[in-house]
Amino acid sequence: MRLAQTSLALLILALASAAQADTVVVTAERLLDVQAGRYVDKPQITIVDGRISAVGRQGEGKGDAVATGARRVDLPGLTLLPGLIDMHVHLTGDPRYGGYRGLEFTDNFWTVVGVANAKKTLEAGFTTVRNVGSSDYADVALKQGVEEGFIPGPRIVPATYPIGATGGHCDTTEFPPSVNVPAPNVADGPQAIRATVRKLRKYGAEVIKFCGTGGVLSKTDSVGAQQYSLEEMKALVDEAHMLGLKVAVHAHGTSGIKDAIRAGADTIEHASLADAEAFELAKQHGTWFSMDIYNDDYILAEGEKNGLFKESLDKERAIGLKQRQTFQAAVKAGVKMIFGTDGGVYPNGYNARQFATMVQWGMTPLQAIQAATVNAAEALARPGDVGAVAAGRYGDLVGVEGDPLADVKLLQSISFVMKGGEVVKTPAR
């Protein structure tokens, strides 16, 4: 009798728990299975408490088991994909304030800019981003604001400050010696670099980004010149990996790219002047390339009007086409690729414009989409959370009208966005 009473009590508790669970069932015309590279017709996706519990077909087996009281989201005619991932953004950046124009504003103005950009990015279909550089730990503030429900935005993996050498791309180089700008991210030598990694982790970094070579938007350095030695890079990577953090390296120049790979960096950002040896090193080490090949169009079209330094425009003219040619060669060579756009250098929210550029320069539409989904999730070391529509992962979905494998530009017009089972954007119709 007692056993029966206990079993009944447990059953009642289980039913009560199931009733309290937030369940949503999503149906659509078809679903792109990015892992298999094929479409699933008439999908039905069940999401419980923000995570996918079942993926099936309408009217078939477990995919048709709709819990009593579940919310329904029916999307006839839409093609569903996993929520998109951009591995290289700066949410607190706005290209309209190039050069010295940004000095008109107080420091925390840029966090407010980030609030607006987080919303734009999410509504563009990017439910996860890796923010690889912001001042004042603003990306950590944005992440916390999103997670606590104060602002809408994607899942944010923050890097806080990017680490760099004195006088390098991650230093402030546009002022005379009489102007002293605090630089908590500037470190020289292995020990100082290790200490900086620890400090950034202390204050919220979930990935470490450093500048291995010069860059375009810095005023005084050569875009391809190496700025950290192999010894310094190894110290940084070893420290980050010991703390369980991935490492992203800003690197345009050939020697800096190769040494960053040898040092064990996880992703190479930009990779503009990588050569055949760099491709082979990347394949041997399993290193990912994140190449922002769309923004050249925006920089050259709008940069002068936005106040960019003349030096920066000259460097972009010298390197933009070369970067696209390197991307094409890297794809042909079989280098592992992820989707990274440098959002903030162009307006955040335009992220999906890069898909068409990737296809123009050698990828298939499926490869470009995989770079922004399953590949990006692997590079983040979060394949159990994001990057595919599969049981256990977050209920992050985007929908478009039409076939993105036939016309990848459709991703520039996302009709539907869901993050963690909550609808963010619905079709206008």
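Colleague: What makes Cys170 and Cys211 a disulfide?
Modeller: Their sulfur atoms are 1.8 Å apart. The cut-off is a pair of cysteine sulfur atoms within 2.5 Å, so Cys170 and Cys211 form a disulfide. Keep in mind that this is a predicted model. The structure holds one disulfide.

Colleague: Why is the disulfide of Cys170 and Cys211 called right-handed?
Modeller: Look at the torsion about the S-S bond: it's about 45°, so the disulfide is right-handed.

Colleague: Where in the chain do Cys170 and Cys211 sit?
Modeller: Cys170 is in the loop between β8 (155-158) and α4 (190-202), while Cys211 is in strand β9 (residues 207-211). They're 41 residues apart, and the pair links distant parts of the chain.

Colleague: How do you know whether Cys170 is buried or exposed?
Modeller: Buried means under 20% relative accessible area. Cys170 has 11% relative accessibility, so Cys170 counts as buried. Cys211 is at 0%, so Cys211 counts as buried too.

Colleague: Which residues make the contact of α6 and α7?
Modeller: From α6 you've got Ile257, Lys258, Ile261 and Arg262, and from α7 there are Glu277, Ala278, Leu281, Ala282 and His285. Sorted by type, the residues of this contact are five nonpolar, one polar and three charged.

Colleague: Why does Leu122 count as buried?
Modeller: Same test: the cut-off is under 20%, and Leu122 has 3% relative accessibility, so Leu122 counts as buried. You'll find Leu122 in helix α2 (residues 109-123).

Colleague: What does Leu122 touch, not counting residues up to four places away in sequence?
Modeller: Leu122 touches Thr127, Pro152, Gly153, Pro154, Val417, Lys419 and Val424. Take Pro154: Leu122 and Pro154 are 32 residues apart along the chain, yet their C-alpha atoms are separated by 5.2 Å.

Colleague: And which residues of helix α10 are buried?
Modeller: In α10 (residues 353-360), Gln354, Phe355, Ala356, Thr357 and Met358 are buried. What covers them includes β6 (84-89), β7 (126-131), α9 (310-333) and α11 (365-371). Just after α10, Gly362 takes a positive phi of about 120°.

Note on methods. Residues are numbered from 1 along each chain as its sequence is written. This is a predicted model: local features need pLDDT of at least 70, side-chain atom pairs count only at pLDDT 80 or more; totals for chains, interfaces and linings use all residues. Side-chain values use heavy atoms; hydrogens and water are left out. Helices (H or I, at least four residues) and strands (E, at least two) are DSSP runs, numbered from the N terminus. Buried means under 20% relative accessible area, exposed over 50%, partly exposed in between (1.4 Å probe, protein chains only). Contact means heavy atoms within 4.5 Å. Ala, Val, Leu, Ile, Met, Phe, Trp, Tyr, Cys and Pro count as nonpolar, Asp, Glu, Lys and Arg as charged, and the others, Gly among them, as polar.
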